[in-house]
Amino acid sequence: MAISLSSFLISLCLLPAVIADVVVYDFDVSWVYANPDGLANRPVMGINGKWPVPPIVVTKGDQVVVNLKNSLGNESTSLHFHGLYQNGTNHMDGPVGVTQCTVPPGNSFTYNFTVDQPGTYWYHSHNKGQYPDGLRGPFIVNDPESPHKNLYDEEIVLTFSDWYHDFMNELLAGFISISNPSGAEPVPDSSLVNETRDLSVKIEPGKTYLFRIINMGAFAAQYVWFEDHSMSIVEVDGIYTEPTDADMLYIAAAQRYSVLITAKNSTDANFAFVGSMDQDLFDVVPDGLNPNVTGWLVYDDNMDLPEPKEIAEFEPFDDFTLVPDDQEGIYDHVDHSVELTMKMDNLDDGANYAFFNDVTYVSPKVPTLYTVLSTGPNATNPAIYGSNTNQIVLAAGEVVEIILNNDDPGKHPFHLHGHAFQVVYRSDEEAGAYDASVTPSSSFPSTPMRRDTLLVHPNGNIVIRFRADNPGVWLFHCHIEWHVASGLVATVIEDPLGLQKQLNGNIPADHLANCAAGSVPTAGNAAGNTEDLLDLSGENTSPGKIPAGFTARGIVALVFSILAAFIGVAVIAVYGMSEVKNKTH
Ligand code: C2O
């Protein structure tokens, strides 16, 4: 729970709110039961015996301390604070195998960092795709100097999310499996708002509200609209925007929007709002799936809560057109351009994986941050980070461009840790790979929208830019949890020598104790070799490529027939044995 005694004292003394607090949260994570859609009571990952988990609410400039205790008993965990830049505190970012070791059952880990950015964020486990089991909550950074602070009276947080009735570790085992060669993702069972359904939000006539809207889902993007109320977008993923009107938002997994909504002056009706999961993402829509979740702006408790009206089609606002309030100009000179082409394909275990430039991500033996910190001048050599981390080493201060080509018919929300990036281009679907001769950089917007999670359209492309001004090891990944698990992850290693200067000697003992508890090495290259940093023998790698001459379908059929043959042999063996048994009777 939040202990914010100093903020209480500050408000008593009416000191300026710019004085920073230390805000402490003690989070004891354990299984509790919940039934948020009314369809299935199940164990969920709660905090301090409760679920939904509490929001973290701080003021810009605050120091935040989160004391995590893992009381799950059967699963390890971690926390990531999505969208926070963690400037100077890369070791507090949270992804397991990247900036820390996993926190085993019974162990603790303290996150301690200063928040120097305003806006709407969220926190979630960054271990083994487990946050959809419930370990996900809002992270709100209030800003006494917000350019929009005079435009609203109150703020309300709305989270939208998909919900599964089964445990993620079981769903993941079935997803990455020879029995799912097409890589069909498990379809959510329900859609939730504020981790429930049929939510009433009390509204007072005439007031203007800031709605902070977060998609905390695992998979589904959500169309979100408020009947008979229009929205004015003022923030996107922590970046203030010029107020921009919208009737409907498309919020991909992990994205956030703040919108102003002005209440009507009368109280003679209540109004529905809807989150509707984008069913284009689902390979097969199960019979009876309700993709929608409904809430109401309640002006009068005694009035009806009307059913939402049918809509003819989804026409969401295009976030590409947003303009940041600070008018930051496009980085028009690029120092380092990286092209990543993503696709899905099978490996020789028959399961379906996701690839950047033909490499699927596999967690290294040594968390990548610890490789940076233990390899001295060699930390700038990409080779030491291994064969399956999709490593990109950046030099301090350079302007970086990532061109992402989506060689897949799905929509994917890409997230970069440690930065908000400029969105300089996004193609329509089916455009294929980015082609500078067709779309030169001279056609890019002069004040591009910035955010930390961006949707790429089916078989389309995006171009993003940022400055390498934040030393750290930062993941770049699709925020669909299924695709994190199947390897759609790259590792950005930004200014490794600067990172050594910041953090060598400053990794807290509890971080290293968690590694020791799991026997995870904390020095050397990706394979844990400290002598010859170019010797990666023993590193973690993916299953092998399908041999040339075989098609993916062919290999899957082959593996199936081999498996079937084994089953056949086993069946004969069992028959044989029972015959023998029978004879002895
Ligand atoms: Cu919400 Cu790797 O992040």
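Student: Which exposed residues are carried by the face of helix 6 turned away from its buried side?

Tutor: They are Ala509 and Ala516. Exposed means over 50% relative accessible area, buried under 20%, and partly exposed in between, with a 1.4 Å probe and protein chains only. Helices (H or I, at least four residues) and strands (E, at least two) are DSSP runs, numbered from the N terminus. Please keep in mind that this is a predicted model, in which local features need pLDDT of at least 70, side-chain atom pairs count only at pLDDT 80 or more, and totals for chains, interfaces and linings use all residues. Residues are numbered from 1 along each chain as its sequence is written, and side-chain values use heavy atoms, with hydrogens and water left out.

Student: Which residues of helix 6 are buried?

Tutor: The general idea comes first. An α-helix has 3.6 residues a turn, so residues three or four places apart point the same way. In helix 6, residues 509–517, the buried residues are His511, Asn514 and Cys515. They cover an arc of only 100 degrees around the axis, which puts them on the same side of helix 6. The arc is that of the directions from the helix axis to the C-beta atoms.

Student: What covers the buried residues of helix 6?

Tutor: The cover includes strand 7 (108–114) and helix 3. Just after helix 6, Ser519 has a positive phi of about 55 degrees.

Student: Which residues are buried in helix 2, and where do they lie around its axis?

Tutor: Met168, Leu171, Leu172 and Phe175 are the buried residues of helix 2. Viewed down the axis, they fall within an arc of 100 degrees, so they line one face of helix 2. The face turned away from this buried side carries the exposed residues Glu170 and Ala173. Helix 4 (481–485) is included in what covers the buried residues of helix 2.

Student: Which residues does Asn127 contact, leaving aside its neighbours within four places in sequence?

Tutor: Asn127 is in contact with Ser76, Thr77, Ser78, Val96 and Thr102. Asn127 and Ser76 are 51 residues apart in sequence, and their C-alpha atoms are 7.6 Å apart in space. Asn127 is found in the loop between strand 8 (119–124) and strand 9 (136–142), and it is buried, with a relative accessible area of 4%.

Student: Which residues other than glycine have a positive phi?

Tutor: Among them are Glu195, with a phi of about 60 degrees, and Ala254, with a phi near 85 degrees. Glu195 is in the loop between strand 11 and strand 12 (199–202) and counts as buried at 5% relative accessibility. Ala254 is in the loop between strand 17 (249–251) and strand 18 (256–262) and counts as buried at 0% relative accessibility.

Student: What kind of peptide bond joins Trp51 and Pro52?

Tutor: That bond is cis, with omega about 0 degrees. Pro52 is placed in the loop between strand 3 (42–47) and strand 4 (56–59).

Student: How many helices and strands are there in the chain, and how compact is it?

Tutor: The chain has 7 helices and 31 strands. Its radius of gyration is 25 Å, close to the 25 Å that the globule rule gives for 585 residues, so the chain is as compact as a globular protein of that length. The radius is taken over C-alpha atoms, and the globule rule is 2.2 Å times the number of residues to the power 0.38. Of the 585 residues, 55% count as buried. Among contacts with a separation of 6 or more, residues 24 or more positions apart account for 79%.

How values were computed:
Contact = heavy atoms within 4.5 Å.
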